[in-house]
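Dear colleague,

Please find below the structure for your review.

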Amino acid sequence: MALMPKPTHLSSPANRRVKAVLKLREHRHRRRTGLFIAEGMRQVTRALAAGLVLRELYQQHDARISDPGPGSWAAQAEVFDVTPRVMKKMAYRAKPQGVIAVFEQPAWRLDRLPTDPATNDLWLVAVGIEKPGNLGAMARSAAGAAAAAMFVADAVVDPFHPNAIRASTGAVFNLPVIGDTTVAIVDWLRGRRARIFAATPHATAPYTDADLTGPVAVVIGAEDTGLGQPWLDAAATQVRIPLAEGPVDSLNAATAAAVLLFEATRQRSRQPHA
């Protein structure tokens, strides 16, 4: 039986371990190390349930994750008991929940995804999204709509930013979220014979007129700039979400993604099963 490692006591906010965790708030350090931070009991337990590799676990005495038993992460992770002062220094949230963990990022890549054109998959493409909370909320909707993957084209932020993880409610632990160039993602989708639907307020067709069954990629751009010409050219159809007249001329990117994804889910649920 794998025994829970004996925790190392950590009481100084100036400790090198604390500094290393704080660096993982920055995109460049997450990219360089391939690591990310999960904070709070829900995030940590969901990351463990997704099978992600735990490197380090930091706990206060009143917020412990129990010994998970034989053959588990307990044998390989470094475990630390920390003081409330250290936890407050490490935590991203204003009110720490007493548990912080460092995990390895999943190694998702375009060339590792299945490429069977006969599969009627649904994908979400997020283009140029700048706010990590938006990106995380989009991943949450994609997972809720049973999307096969989410692609982040020409990424500005990454899905393992603390705010993205929080907004996704841990969806980024299970859903493949893959960043790549527009050209690479378009080529991959064409290889799957996917029809690309670009959301733009300039389209004439409302999204409810679109056939979102079969292999489909829904593409959402940044709120301020929308989609660039390469995506508009790649799209089989451009669609819009009709809005009431007034001061609102567009929806939040995450909201727009949810509207189109769940319309695709609705249409697919009405198809006869084989």
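Two strands are taken to pair if DSSP finds at least two bridges between them; strands (E, at least two residues) and helices (H or I, at least four) are DSSP runs, numbered from the N terminus. This is a predicted model, in which local features need pLDDT of at least 70 and side-chain atom pairs count only at pLDDT 80 or more, while totals for chains, interfaces and linings use all residues. Residues are numbered from 1 along each chain as its sequence is written, and side-chain values use heavy atoms, with hydrogens and water left out.

Strand β6 (residues 122–127) pairs in the parallel sense with strand β11 (residues 216–221) over 6 bridges, where A126 has I220 as its bridge partner. β6 also runs parallel to β7, joined by 5 bridges, and V127 stands opposite A153 there. Of the 6 residues in β6, 6 are buried (under 20% relative accessible area, 1.4 Å probe, protein chains only). L122, L124 and A126 cover one side, and W123, V125 and V127 the other.

As for aromatic pairs (ring centres of Phe, Tyr and Trp, the last by its six-membered ring, within 6.5 Å; planes under 30 degrees apart are stacked, over 60 edge-to-face, the rest tilted), the count is 6. Y58 and F80 are stacked, because their centres lie 4.8 Å apart with planes at 10°. They link strand β3 (residues 54–59) to strand β4 (residues 78–82), and both are buried.

Kind regards

Conventions:
Buried means under 20% relative accessible area, exposed over 50%, partly exposed in between (1.4 Å probe, protein chains only).
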